[in-house]
Amino acid sequence: MPLDYSGLSGLGRDVLAELAAIGRGQCLTYGELAARAGRPGAARAVGRVMAANPFPLVLPCHRVVGAGMKLTGFGPGLPMKKMLLELEGVL
């Protein structure tokens with residue numbers, strides 16, 4: 001599906017491209033996603049990109065978790081994030 005990334009920063013485009021590669025039943029930490037996007041050490045910036053994700057149904061940001069698999073940062077709430085990850089068999 002073609003997505004319009006034109007309003008996003010370079011970091012936003014890179015992070016969302018890597019987010020798209022996370023398959024069902026998988027997850028990464030914010031730090032791992034930052035490293036994959038070529039920005040090691042930018043976990044907080046990745047969190048901001050996830051919070052502003054303009055394509056949440058296509059690029060499911062619930063697959064990104066905190067260090068140690070800690071459930072953090074999800075707009076609809078952590079119980080929803082937990083439920084989505086359980087449905088995918090991650091938790």
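Predicted model: local features only at pLDDT ≥ 70, side-chain atom pairs only at ≥ 80, totals over all residues.
1. Helix packing. Helix α1, which covers residues 10–20, packs against helix α3, which covers residues 43–51, at an angle of about 80° and with 10 Å between the two axes. Two packed helices are in general described by these two quantities, the angle between their axes and the distance between the axes. The helices α1 and α3 are therefore roughly perpendicular to each other, since angles of 65 to 115 degrees are placed in that class.

2. The residues of that contact. On the side of α1 the contact is made by Leu11, Gly12, Val15, Leu16 and Leu19, and on the side of α3 by Ala45, Val46, Val49 and Met50. Sorted by class, the contact of α1 with α3 has eight nonpolar residues and one polar residue, while no charged residue takes part.

3. The nonpolar core. The largest nonpolar core has 20 residues, and those that touch the most other members are Val15, Leu16, Leu19, Leu33, Val46, Met50 and Val64. Helices α1, α2 (residues 30–36) and α3 each supply at least two residues of this core. As a general matter, nonpolar side chains in soluble globular proteins tend to be buried together.

4. Leu16 as an example. Leu16 is one of the α1 residues in the contact with α3, and it is also among the core residues that touch the most other members. When residues up to four places away in sequence are not counted, Leu16 touches Tyr5, Leu8, Val49, Met50, Asn53, Pro54, Phe55 and Leu59.

5. Cysteines. The model holds zero disulfides. Cys27 is in no disulfide, and the nearest cysteine sulfur to its own, that of Cys61, is 13 Å away, whereas a disulfide would need the two sulfur atoms within 2.5 Å. Cys61 counts as buried because its relative accessibility is 13%, a value under the 20% limit for that class.

6. Met69. This residue is found in the loop between strand β2 (64–65) and helix α4 (78–87). Most residues other than glycine have a negative phi. Met69 has a relative accessibility of 38% and so counts as partly exposed.

7. Val58. The loop between α3 and β2 holds Val58, which is partly exposed, with a relative accessible area of 39%. Although Val58 and Met1 are 57 residues apart along the chain, their C-alpha atoms are separated by 8.6 Å. Leaving out residues up to four places away in sequence, Val58 touches Met1 and Leu3.

8. Ala21. This residue lies in the loop between α1 and strand β1 (28–29), and because its relative accessibility is 53%, Ala21 counts as exposed. Ala21 and Leu59 are 38 residues apart in sequence, and the distance between their C-alpha atoms is 9.0 Å. Leu59 is also one of the residues that Leu16 touches.

9. Glu32. Helix α2 contains Glu32, which counts as partly exposed at a relative accessibility of 40%. Along the chain Glu32 and His62 are 30 residues apart, and their C-alpha atoms are separated by 14 Å.

Note on methods
Residues numbered from 1 in each chain as written. Heavy atoms only, no water. Buried < 20%, exposed > 50% of the residue type's maximum accessible area, 1.4 Å probe, protein only. Axes fitted to C-alpha atoms, helices over the stretch in contact; angles between N-to-C directions. Helix = DSSP H or I, 4+ residues; strand = E, 2+ residues; numbered from the N terminus. Parallel < 35°, antiparallel > 145°, perpendicular 65-115°, else oblique. Contact = heavy atoms within 4.5 Å. Nonpolar A, V, L, I, M, F, W, Y, C, P; charged D, E, K, R; others polar. Core = buried A, V, L, I, M, F, W, Y, C linked by side-chain atoms within 4.5 Å.
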